[in-house]
Amino acid sequence: MAKPNIIISSQDLHRLETMLEHQSHMTQTIEHLEDELARAEVVEPHEIPANVVSMNTRVLITIAPSTEPTEIQLVYPHDFRGDKGQVNVLAPIGAAILGLAEGQEIEWPQPDGHLMKVKIEKVLYQPEREGDYR
């Protein structure tokens with residue numbers, strides 16, 4: 001499966017790059033996330049399409065082989081509290097969905113070597129769409 005195009009705001013990119021510079025332990029997921037950031041189309045926060053997963057977005061996803069969508073919120077590690085549905089961007093599923101748009105899917109390597117297939121069903125809340133650029 002070819003990698004889908006991804007879009008990331010310049011603000012998210014800056015915050016993620018700063019966060020990654022301070023990671024003391026390089027995991028496979030962090031390496032893949034860095035690769036994704038390097039290939040992303042970067043736009044200003046107000047230019048992010050409303051159907052794209054940015055940081056702090058709430059989204060419905062499907063992880064194959066399941067056909068039941070799951071609601072998650074993509075968060076930075078310092079915001080991760082273990083609340084129901086929160087997913088850290090440094091977790092495989094979090095890194096996989098960043099920058100994807102509704103209807104897109106991606107195959108993403110898991111720590112056990114298997115690939116997971118994730119599809120973005122619907123963006124429920126996106127900060128940029130609501131004018132929240134914090």
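T29 lies in helix α2 and counts as buried because its relative accessibility is 7%; buried means under 20% relative accessible area, exposed over 50% and partly exposed in between, with a 1.4 Å probe and protein chains only. This is a predicted model, in which local features need pLDDT of at least 70 and side-chain atom pairs count only at pLDDT 80 or more, while totals for chains, interfaces and linings use all residues. Residues are numbered from 1 along each chain as its sequence is written, and side-chain values use heavy atoms, with hydrogens and water left out.

**Annotated regions**

- UniProt, in an unreviewed entry, places "domain: Regulator of nucleoside diphosphate kinase N-terminal" at residues 4–43; positions follow the numbering used here, feature names are shortened, and annotations may be inferred rather than shown by experiment.
- Residues 4–43 are 60% helix and 15% strand, with end C-alpha atoms 17 Å apart; helices (H or I, at least four residues) and strands (E, at least two) are DSSP runs numbered from the N terminus.
- The unreviewed UniProt entry also lists "domain: Transcription elongation factor GreA/GreB C-terminal" at residues 49–125.
- Residues 49–125 are 8% helix and 40% strand, and the end C-alpha atoms of this span lie 12 Å apart.

**The helix pair**

- The axes of α1 and α2 come within 11 Å and cross at roughly 145 degrees; axes are lines fitted to C-alpha atoms, for helices over the stretch in contact, and angles run from 0 to 180 degrees between N-to-C directions.
- From α1, L13, L16 and L20 meet I30, L33, E34 and L37 of α2.

**The sheet**

- Five strands make an open sheet of mixed pairing, in the order β5-β4-β3-β7-β6; two strands pair if DSSP finds at least two bridges between them.
- At the edges are β5 (86–88) and β6, each pairing on one side only.
- Neighbouring strands of this sheet are turned against each other by 45 degrees on average, direction ignored.
- β3 and β7 run antiparallel and are joined by six bridges, with I61 having I120 in β7 as its bridge partner.
- β6 and β7 are also antiparallel, over five bridges, and E105 stands opposite K119 in β7.
- The hairpin of β6 and β7 has five residues between the strands, and G113 in the turn has a positive phi of about 95 degrees.

**Nonpolar cores**

- Of the 32 residues in the largest nonpolar core, V89, I97 and L98 touch the most other members; such a core is a set of buried Ala, Val, Leu, Ile, Met, Phe, Trp, Tyr and Cys residues joined through side-chain atoms within 4.5 Å.
- Elements that each supply at least two residues of this core include α1 (10–21), α2 (28–39), β3 (58–63) and β7 (115–125).
- Apart from this core lies another, of five residues, among them I7, V43, V52 and A101.
- Beyond four places in sequence, the contacts of V89 include L16, M19, L33, L74 and L98.

**A buried loop residue**

- L100 is found in the loop between α3 and β6 and counts as buried because its relative accessibility is 0%.
- The C-alpha atoms of L100 and I7 are separated by 6.9 Å, although the two residues are 93 apart along the chain.
- Leaving aside neighbours within four places, L100 is in contact with P4, N5, I6, N51, V52, V53, I106 and I120.

Notes: Contact = heavy atoms within 4.5 Å.
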